[in-house]
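These are my notebook entries on a structure that I am looking through for the time being residue by residue.

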Amino acid sequence: MMFVSRRFLSLYARKLDHTLGLNFMGGQRCKPASADGFTVVYEPSTGDKIVDMPFSGPGDVNDAVCQAATSAIEWKSKSGSERGYILRKAAAMLRERVDEIARVEVIDTGKPLWEAKWDIQTAYDSFEYFGGLAPTISGQHLSLGDGNWGYTIREPIGIVGAIGAWNYPIQIASWKIAPALACGNTVVFKPSPLTPLSAVTLAEILTDAGVPDGAVNIVQGAGETGQLLTEHPQVRKITFTGSVMTGKAIARSAAETLKRVTLELGGKSPLLIFDDCDIDNAVRGSLMSNFLSQGEVCNNATRVFVQSNIYDQFVSKVLGYLSKIKIGDPHEEGTTMGALISAEHLSKVQKYVDGARSEGAKVHGGNLLKLPGELSGGFFMEPCIITDCTDEMTAVKEEIFGPVMTILKFSNEEEAISRANATEYGLAGGVFSKDVQRAHRVVAALEGGVQWINNYNTFTVELPFGGVKQSGYGRENGLAAIEHFTELKTVYVEQGDVWTPYD
């Protein structure tokens, strides 16, 4: 029998009783029929057990794919306008339930409530945007002379296997499911085993909005379940958000059946602060690029390069904000930083902090926190700023995925660009400068898929997101996403007689 925490049920027993199961197939919640092990899901802010979650086995993944295959006929036969109407209706339903679903995200992730509400907004924005794009998905018409012509058709790929991450559960699910459905595909989505709760609610909303039963399916599980999805011969596309190591394994596995693949992986992004910047805005930008969602953000600019003649002033201003970051119950509106995702991950982040200290850097904050009351078992730490760094330090080179900012000095533009690009990652980056020509010149030289000028971590669904180098390939969001969820068919039309040398 599935265990569900008393706190969770007391808040959401009526609408979100997960004793019904956290898988979703054929338009309804269900439990794995071939459960292959289970994991205990913990609430990050309390350390309490939320649920014992069984993993989906081979039979469950196959059933989900079969459901997706059956519903594909109905879904792809709908016009773009019909699909778009359903997706926009789902967006409206998400908007009506922001507060309720945000509370679930807080329980699942430990992030503050205001951030969770932002995440729900990005989710309904995705369905609104791609619902609007759905009727416009089309090919080209070309005249070929002599009354002949050719045209292209954008067609659905088929069944999309989507694998999410734990830091932005419903946002990542929406960034994958919305464009896939808009293009006429059907989906099997696997959430992270650390954050299983909101995906099934999203699937219910889509079904209530009019998506056919079986067009969106949820299978819970760990890496083995994801591997089953990646290897399934009927799945034609994999879209994954997560670690570089797992992304490479997925790419190798998908190559066996020549699946299309989109990978959004890790990062160690640079933020370049020049001496002609608005320093107060630059400080705010560095905070936004490091401490949102407890620093558990793949595109965070955790390497902050500051021009040497303003370094001390910048560091002083940044350190002044540490005491202003309110760490506490993520359900309270005033909390600005919540709990890390798990005890294991908290320990990993702490090792990086300790390692930086042992390598000679100066560590500000970063201590473990034990909060009172029901939060005493939560996975909390202070935000951390590391100064007196060098590029060779482990905390500077490796992705930490926690609330840890490293600050480094540079002398000139050429040096800053060279050092910023000296990483295997290429997800994002940014620059603060009042010199518009310099700002554009620098972002053009930085090796990253997403760049900011005089801001950081602002997003809109209209613009594509994705990385280069070890940060992955392919793009999510924007018009670019349509290319990754459709196949292009070319048609030639002959109006005259066929010429052949064999007559």
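Which residues of strand 17 (residues 384-387) point one way, and which the other way? I am working from a predicted model, and in it I found that Cys384 and Ile386 point one way while Ile385 and Thr387 point the other way, with all of them buried. In a regular strand the side chains alternate between the two faces of the sheet.

**Entry: the partners of strand 17.** I looked up what lies beside this strand, and found that strand 14 (residues 362-365) pairs with strand 17 in the antiparallel sense over four bridges. In strand 17, Ile385 has His364 standing opposite. I then turned to strand 18, which pairs with strand 17 in the parallel sense over three bridges, and there I noted Val404 opposite Cys384.

**Entry: helix 10.** I asked which residues are buried in helix 10 (residues 279-288), and I listed Ile279, Ala282, Val283, Gly285, Ser286 and Leu287. The cover over these buried residues includes strand 12 (270-273), strand 13 (303-307), helix 11 (311-322), strand 18 (404-410) and strand 19 (428-432).

**Entry: Lys111.** I found this lysine in the loop between helix 4 (98-109) and helix 5 (113-133). Is Lys111 buried or exposed? Its relative accessible area is 1%, so I put Lys111 down as buried, the cut-off being under 20%. I looked next for what its side chain meets, and noted a polar contact of 2.6 Å with the side chain of Asp119, as well as one of 3.2 Å with the side chain of Ser293. Setting aside residues up to four places away in sequence, I recorded that Lys111 touches Val106, Ala116, Asp119, Asn167, Tyr168, Ser293, Gln294 and Pro330.

**Entry: Ser56.** This serine sits in the loop between strand 4 (49-54) and helix 2 (58-77), and I counted Ser56 as buried because its relative accessibility is 2%. Its side chain makes a polar contact of 2.8 Å with the side chain of Asn23, and the side chain of Ser56 also reaches the backbone oxygen of Gln220 at 2.8 Å. Among the residues that Ser56 touches, not counting those up to four places away in sequence, I wrote down Pro32, Val219, Gly221, Thr225 and Leu228.

**Entry: Gly378.** I located this glycine in the loop between strand 15 (368-369) and strand 16 (380-381), and with a relative accessible area of 11% Gly378 is buried. Which residues is Gly378 in contact with, leaving aside its neighbours within four places in sequence? I found Pro44, Ser45, Thr46 and Gly47. I also checked Gln28, which is 350 residues from Gly378 along the chain, and the C-alpha atoms of the two are separated by 33 Å.

**Entry: a patch on the surface.** I ended with Tyr492, which belongs to strand 22 (residues 486-493). Tyr492 has a relative accessible area of 68%, and I therefore noted this residue as exposed, for which the cut-off is over 50%. Together with Leu142 and Leu144, Tyr492 forms a nonpolar patch on the surface, and the accessible area of these residues together is about 370 Å².

Methods. Residues numbered from 1 in each chain as written. Predicted model: local features only at pLDDT ≥ 70, side-chain atom pairs only at ≥ 80, totals over all residues. Heavy atoms only, no water. Patch = residues over 30% accessible without salt bridge, like charges linked within 9 Å, V, L, I, M, F, W, Y side chains within 5 Å. Areas by Shrake-Rupley, 256 points an atom, 1.4 Å probe, with all protein chains shown as cover. Salt bridge = Lys/Arg side-chain N within 4 Å of Asp/Glu carboxyl O. Helix = DSSP H or I, 4+ residues; strand = E, 2+ residues; numbered from the N terminus. Buried < 20%, exposed > 50% of the residue type's maximum accessible area, 1.4 Å probe, protein only. Polar contact = N/O pair within 3.5 Å; in protein donor to acceptor, adjacent residues only side chain to side chain. Contact = heavy atoms within 4.5 Å. Pairing = 2+ DSSP bridges.
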